[in-house]
Amino acid sequence: MNNRMKCFLIVFLGMLAAMAPLSTDMYLPALPEFSEDFHISASLAQLTLTMTLIGMAVGQILGGPVSDYLGRRNPLLLGMVVFTVASVLCFITSSIHMFLGLRLIQGIAGAFGIVISRAIARDVARGPELLQFYSILMMLAPIAAPVIGGQILRFTSWHGIFAAMAVVGGLMFLLTIVYQETLPPQNRISDIKSSFKAFPVLLKNRCFC
C-alpha cells in the first residue's frame, strides 16, 4: 500500500466510521428544539436516538456478513444511498412516527459504513499498522460531532443537522465510487449463512463478550 492510497483510506475510513456519531452525537444539541417543533415529550424525542441505535446494531450484524459475501464496495454504495435518502426525508417529514421509522433506517444504513470501514482496514493492514487505522477510526468523530451539531444550530434549525447528514452521505457515496475494492472474489465467503451461524459461537466466547 503506497502513501497516496494510505492517505485516501485514512480519510475515507475515518469518515465512514463517523457515521455513528454523526447520526447520534451531532443530533443531541437539537433535541430540545426538535421536541418543541413536534410538540412531543422529551422521552419521545429521545426515542428518536434509541431507534437510530437499534438500527446501528441491526445494520452491523447484517453489513459484516454481506460485505464478506459481496465485497466491500457494493454494500457500501447501497448503504450510503439509503443513508442520504433517509436523511433528506428526516429533513422534510412532519410526522413523528415516520421520523422514528426513518431514523431506524438511517441507523441501519449508517452502520454499513461503520462495520465495513473496519473490514476494509483489516483487508489492507496487519499488526501495528492495523491498530493505527483503528485508533484513527475511533478517535476524532465522537469528539467533533456534538461540536459540529452545536455550531450548525447557531445558524439554522434542527433541519440543518439532517441537511448536513445528507451532504455527508452524498460525499461518502462519491468517495465509495473512487474506492477500489479491497476484498478480491477469491477471499470472499461462499455461503453467507456460515457467517450468521458463527454468531452463537461468538456469543458463547467469554473473551469476545
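Student: Hey, where does Met51 sit?
Tutor: Met51 is part of helix 4, which covers residues 42-70. Keep in mind that this model is predicted.

Student: OK! Is Met51 buried or exposed?
Tutor: Met51 is buried, because its relative accessible area is 19% and buried means under 20%.

Student: Which residues does Met51 touch, leaving out those up to four places away in sequence?
Tutor: Met51 touches Leu100, Arg103 and Leu104.

Student: And how far apart are Met51 and Asp25 in space?
Tutor: Their C-alpha atoms are 14 Å apart, and the two residues are 26 apart in sequence.

Student: Switching topic: which helix has Ser35?
Tutor: Ser35 belongs to helix 3, residues 31-38.

Student: Buried or exposed, that one?
Tutor: Ser35 is buried, since its relative accessible area comes to 14%, and the cut-off for buried is under 20%.

Student: What lies 2.9 Å from a polar atom of the Ser35 side chain?
Tutor: That's the backbone oxygen of Pro32. Setting aside residues up to four places away in sequence, Ser35 also touches Ile40, Ser41 and Ala45.

Student: Where is Leu89, then?
Tutor: You'll find Leu89 in helix 5, residues 73-92.

Student: Why does Leu89 count as partly exposed?
Tutor: Its relative accessibility is 35%, and partly exposed lies between the buried cut-off of under 20% and the exposed one of over 50%.

Conventions: Residues numbered from 1 in each chain as written. Predicted model: local features only at pLDDT ≥ 70, side-chain atom pairs only at ≥ 80, totals over all residues. Heavy atoms only, no water. Helix = DSSP H or I, 4+ residues; strand = E, 2+ residues; numbered from the N terminus. Buried < 20%, exposed > 50% of the residue type's maximum accessible area, 1.4 Å probe, protein only. Polar contact = N/O pair within 3.5 Å; in protein donor to acceptor, adjacent residues only side chain to side chain. Contact = heavy atoms within 4.5 Å.
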